[in-house]
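Morning, everyone. I have one structure to walk through, so let me put it on the screen.

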Amino acid sequence: MSEATTNSPYLTTKEFAALVRKSPATVRGWRHRGVGPRGTRIGKEVLYHRDTVRKWLQATTDADVIGQRASV
C-alpha cells in the first residue's frame, strides 16, 4: 500500500522504506540504532506515524550542511 492509497496515519516498515528509497532492512537498522524515526510495535509489525516521519525527514534535511551549501 502506498501513501496515496491509504488513509491510515501510519506507514509500515515497507512503506516507509519505499518513501525514502531504502530497503526495509536499512529502515529496521536505523530504528535499532536509534537514528531513524520512532516506530511503534503493534503485534509483529512496526508502524511509523506519518507526522513523525515528516518531522524526521525535515530534521535530517535541516542537518545536511553539505546539501545546504550545494543549494545556495
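Start with the cover over helix α2. The buried residues of α2 are covered by parts that include α1, β3 and α3. Contact here means heavy atoms within 4.5 Å. Helices are DSSP runs of H or I, at least four residues, and strands are E runs of at least two, numbered from the N terminus.

Ground rules next. This is a predicted model: local features need pLDDT of at least 70, side-chain atom pairs count only at pLDDT 80 or more, and totals for chains, interfaces and linings use all residues. Residues are numbered from 1 along each chain as its sequence is written, and side-chain values use heavy atoms, with hydrogens and water left out.

Back to α2. Which residues of α2 are buried? They are V27, G29 and W30. Buried means under 20% relative accessible area, exposed over 50%, partly exposed in between, with a 1.4 Å probe and protein chains only. Down the axis of α2, its buried residues fall within an arc of 160 degrees, so they line one face of the helix. That arc is taken over the directions from the helix axis to the C-beta atoms. After α2 comes G34, with a positive phi near 80 degrees.

Now the sheet. It is open, with three strands in the order β1-β3-β2, and the pairing is antiparallel. β1 (10–12) and β2 (40–42) stand at the edges with a single partner strand each, so one side of each has no neighbour in the sheet. Neighbouring strands are turned by 45 degrees against each other on average, direction ignored. Axes are lines fitted to C-alpha atoms, for helices over the stretch in contact; angles run from 0 to 180 degrees between N-to-C directions.

Pairing in detail. Strands pair if DSSP finds at least two bridges between them. β1 and β3 are joined by three bridges, and Y10 has H49 as its bridge partner in β3. β2 and β3 (residues 45–49) also pair over three bridges. There, R41 stands opposite V46, and I42 has E45 as its bridge partner. β2 and β3 form a hairpin with two residues between them, and G43 in the turn has a positive phi of about 65 degrees.

On to the core. The largest nonpolar core has ten residues, among them L11, V20, V46 and V53. Such a core is a set of buried Ala, Val, Leu, Ile, Met, Phe, Trp, Tyr and Cys residues joined through side-chain atoms within 4.5 Å. Two or more residues each come from α1 (13–19), α2 (24–33), β3 and α3. A17 is also in that core. Beyond its neighbours within four places in sequence, A17 contacts K22, S23, P24 and V27.

Last, the rings. How many aromatic pairs does the structure hold? Four. Rings of Phe, Tyr and Trp (its six-membered ring) pair if their centres lie within 6.5 Å; planes under 30 degrees apart are stacked, over 60 edge-to-face, the rest tilted. F16 and Y48 are tilted, at 5.0 Å centre to centre and 35 degrees between the planes. F16 lies in α1 and Y48 in β3, so this pair ties together parts 32 residues apart in sequence. F16 has a relative accessible area of 0%, and Y48 has 1%. F16 and W56 are edge-to-face, at 5.8 Å and 75 degrees. W56 lies in α3, so that pair links parts 40 residues apart in sequence. Ring pairs join F16, W30, Y48 and W56 into a cluster.
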